[in-house]
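Here are a few notes for your read-through. Keep the structure open and check each point against it.

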Amino acid sequence: MVRNYAELHDPNAEYTMRNLSSETMELDAKRGGGRDVEITDVQTTMVDGNFPWTLVRVYTDAGVVGTGEAYWGAGVPELIQRMRPFLVGENPLDIDRLFEHLIQKMSGEGSIAGVTVTAISGIEIALHDLAGKILEVPAYQLLGGKYRDEMRVYCDCHTADEADPEACADEAERVVEELGYDALKFDLDVPSGHEKDRANRHLRDSEIRHKAEIVERVTERVKDRADVAFDCHWTFTGGSAKRLSAAIADYDVWWLEDPVPPENHDVQREVTQSAPTTPITAGENVYRKHGHRSLLENQAVDIVAPDMPKVGGMRETQKIADLADTYYVPVAMHNVSSPVATVASAHVGAAIPNALAVEYHSYQLGWWEDLVEEDVIEDGYIEIPEEPGLGVTLDMDVVEDRMVAGDELFDEA
């Protein structure tokens with residue numbers, strides 16, 4: 001049985017008082033200059049990369065097509081199909097209004113956080129690509145212009161034995177020397193062999209010594225050739241996170257990421273403010289600017305790390321960065337995406353003053369860059385495209401070859 005998610009009945013969506021459609025808002029003025037364009041369709045294709053990337057396409061009656069990407073995960077294509085009727089007939093240049101329109105229409109289906117926001121993010125990115133093509137400007141220009149011509153990339157590194165400090169150090173040196181990156185990240189939530197109970201989040205002293213040894217070996221090996229961050233994936237108690245940050249205080253750590261679960265920002269603040277010298281980073285599992293507000297207002301992070309195709313899209317990430325800037329907090333964008341959202345994140349990074357870097361999570365996937373026709377990362381940096389929109393073109397043969405089994409290929413541009 002094939003379900004038509006676009007036709008699901010939802011009284012909240014049908015009777016909402018805050019309907020921001022062009023019809024309800026009575027937006028009927030002629031725009032001129034080729035800007036009277038209407039959305040005709042929205043389609044998705046899921047690609048089986050190291051994550052199942054959801055690529056999004058927005059089609060128009062002008063023949064111009066925008067391509068975006070939503071953070072990976074089940075249910076996202078269905079949610080995008082659900083939102084298709086709210087977009088068809090709309091002018092794609094009204095990116096902010098359409099974002100708020102979808103947030104309101106999908107309020108009953110969870111547009112505060114989670115996969116609903118992720119689905120909207122993929123559409124929003126596609127709208128930026130589309131608007132840039134219609135207006136013949138690169139996407140960063142839609143965000144107010146740029147601060148930099150290229151965006152620094154940090155490489156998320158992995159080894160066959162991620163719990164071996166020496167193996168991590170060897171890989172760090174290889175990535176710096178052979179691949180040309182000057183910014184790295186390694187995982188610390190790896191088995192040490194000293195665990196007694198994986199459920200209670202508590203770190204024994206022997207576990208902390210093991211994690212500190214990974215930090216020591218990696219940072220001592222690369223020295224000042226690269227900045228190195230370490231990720232904990234929301235694994236530890238507040239007390240264990242404090243002890244861990246104290247144990248690595250003497251090493252040159254770029255940041256310690258997500259040491260505690262993401263829900264309780266009070267604990268996050270206590271961990272951050274107790275860290276002797278190690279910067280603490282969080283934000284990957286927090287949604288929209290509203291979710292990041294308490295992190296920033298309570299000074300619960302030293303660095304904020306929104307995931308752009310998950311948090312709400314390009315403009316929403318810029319709004320988070322603006323809020324962070326009022327607290328003098330830099331932005332390091334989490335990213336596990338294909339080249340599409342990776343380049344979109346770089347456009348955002350170019351347009352905000354407080355950008356540190358964009359993550360790259362696919363250096364061991366040999367065909368990652370084949371998904372688009374352009375070169376993306378060179379010597380650890382992304383040169384910001386000057387072509388209209390995002391400035392990347394999907395290789396449809398590769399997309400089709402790498403599709404998730406059972407999915408359908410969206411229409412060509």
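1. First, a definition. A crossing of two helices is right-handed if the near helix is turned clockwise from the far one by less than a right angle, and left-handed if anticlockwise. Keep in mind that this is a predicted model. Now look at α2 and α4: α2 passes α4 in a right-handed crossing.

2. Next, the geometry of that pair. Helix α2 spans residues 76–87 and helix α4 spans residues 115–135. They pack at an angle of about 60°, and their axes are 9 Å apart. The two helices are therefore oblique to each other.

3. Which residues of α2 and α4 meet? From α2 come Val76, Leu79, Ile80, Met83 and Leu87. From α4 come Val115, Thr116, Thr118, Ala119, Ile120 and Ile123. By class, the contact of α2 with α4 has nine nonpolar residues, two polar ones and no charged ones.

4. Turn to helix α8, residues 238–247. Gly238, Ser240, Ala241, Leu244 and Ser245 are buried there. They cover an arc of only 160° around the axis, which puts them on the same side of α8. An α-helix has 3.6 residues a turn, so residues three or four places apart point the same way. The buried residues of α8 pack against α7 (205–222), β7 (256–257) and α9 (265–274).

5. Check the backbone at Arg201. Its phi is positive, about 65°, although Arg201 is not a glycine. Arg201 lies in the loop between β5 (183–187) and α7. Its relative accessibility is 38%, so Arg201 counts as partly exposed.

6. Asp379 also deserves a look. Asp379 has a positive phi of about 55° and is not a glycine. Its loop runs between β12 (377–378) and β13 (381–383). Asp379 is exposed, with a relative accessible area of 56%.

Terms used. Residues numbered from 1 in each chain as written. Predicted model: local features only at pLDDT ≥ 70, side-chain atom pairs only at ≥ 80, totals over all residues. Heavy atoms only, no water. Buried < 20%, exposed > 50% of the residue type's maximum accessible area, 1.4 Å probe, protein only. Helix = DSSP H or I, 4+ residues; strand = E, 2+ residues; numbered from the N terminus. Arc of directions from axis to C-beta. Contact = heavy atoms within 4.5 Å. Axes fitted to C-alpha atoms, helices over the stretch in contact; angles between N-to-C directions. Parallel < 35°, antiparallel > 145°, perpendicular 65-115°, else oblique. Nonpolar A, V, L, I, M, F, W, Y, C, P; charged D, E, K, R; others polar.
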